[in-house]
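Please look at the sequence and the model below before reading on.

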Amino acid sequence: MLEKTTRMNYLFDFYQSLLTPKQRSYMSLYYLDDYSLGEIADEYDVSRQAVYDNIKRTETMLEEYENKLLLLQKFQERTVLFAQMKELLKNDTPSVSALQKAIFELEKLD
């Protein structure tokens, strides 16, 4: 569950501008502020089922955006490459070819 929450938070960060204000609000309350479905339903004077359906549809939309745009995947790949480059630079004489390879991989992501 924690892994899904973390993934949804990342997807929300990347794609929230593509959501409607209501979708943004529900997702923010549910995932970022840890509101329950009932608390969100009370806040908006709707049923828990309506909140649940909206959140599930929005989760599906976020996953579809990610499948097409790959912003989270590229972010994760960049993070790994930057960590590798930092490790290489810790050495007194970093491998130029290894750094060049990491830079090439970074450039491919864009």
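A residue is called buried when its relative accessible area is under 20%, exposed when it is over 50%, and partly exposed in between (1.4 Å probe, protein chains only). The structure is a predicted model, in which local features need pLDDT of at least 70 and side-chain atom pairs count only at pLDDT 80 or more, while totals for chains, interfaces and linings use all residues. Residues are numbered from 1 along each chain as its sequence is written, and side-chain values use heavy atoms, with hydrogens and water left out.

Begin with the charges. Side chains of opposite charge can pair when their charged atoms come close. Here a salt bridge is a side-chain nitrogen of Lys or Arg within 4 Å of a carboxyl oxygen of Asp or Glu. How many salt bridges does a search of the whole structure find? It finds five.

One of them joins Lys4 to Glu59, with 3.3 Å between the closest N and O atoms. This pair links distant parts of the chain, since Lys4 is in helix α1 and Glu59 is in helix α4, 55 residues apart. Helices are DSSP runs (H or I, at least four residues), numbered from the N terminus. Is Glu59 buried or exposed? Glu59 counts as buried, because its relative accessibility is 6%. Lys4 has 33% relative accessibility and therefore counts as partly exposed.

Glu59 also forms a salt bridge with Lys56, where the closest N and O atoms are 3.1 Å apart. These two residues are three residues apart in helix α4, so about one helical turn separates them. Lys56 is partly exposed, with a relative accessible area of 29%. Through shared partners, salt bridges join Lys4, Lys56 and Glu59 into one network.

Another salt bridge is formed by Arg7 and Glu63, with their closest N and O atoms 2.9 Å apart. This pair, too, links distant parts of the chain: Arg7 belongs to helix α1 and Glu63 to helix α4, 56 residues apart. Arg7 is partly exposed because its relative accessibility is 31%, and Glu63 is partly exposed at 24%.

Now turn to the nonpolar residues. A nonpolar core is a set of buried Ala, Val, Leu, Ile, Met, Phe, Trp, Tyr and Cys residues joined through side-chain atoms within 4.5 Å. The largest such core has 16 residues, and those with the most contacts inside it are Met8, Leu11, Met27, Ile40, Val51, Ile55 and Leu62. Which elements give two or more residues to this core? They are α1 (2-15), α2 (21-32), α3 (37-44) and α4 (48-69). A second, separate core has seven residues, including Met85, Leu99, Leu106 and Leu109.

Contact means heavy atoms within 4.5 Å. Apart from its neighbours within four places in sequence, Val51 is in contact with Tyr26, Leu37, Ile40, Ala41 and Val46. Met61 counts as partly exposed because its relative accessibility is 24%. The C-alpha atoms of Met61 and Phe75 are separated by 19 Å, and the two residues are 14 residues apart along the chain.

Leu71 is partly exposed, with a relative accessible area of 35%.
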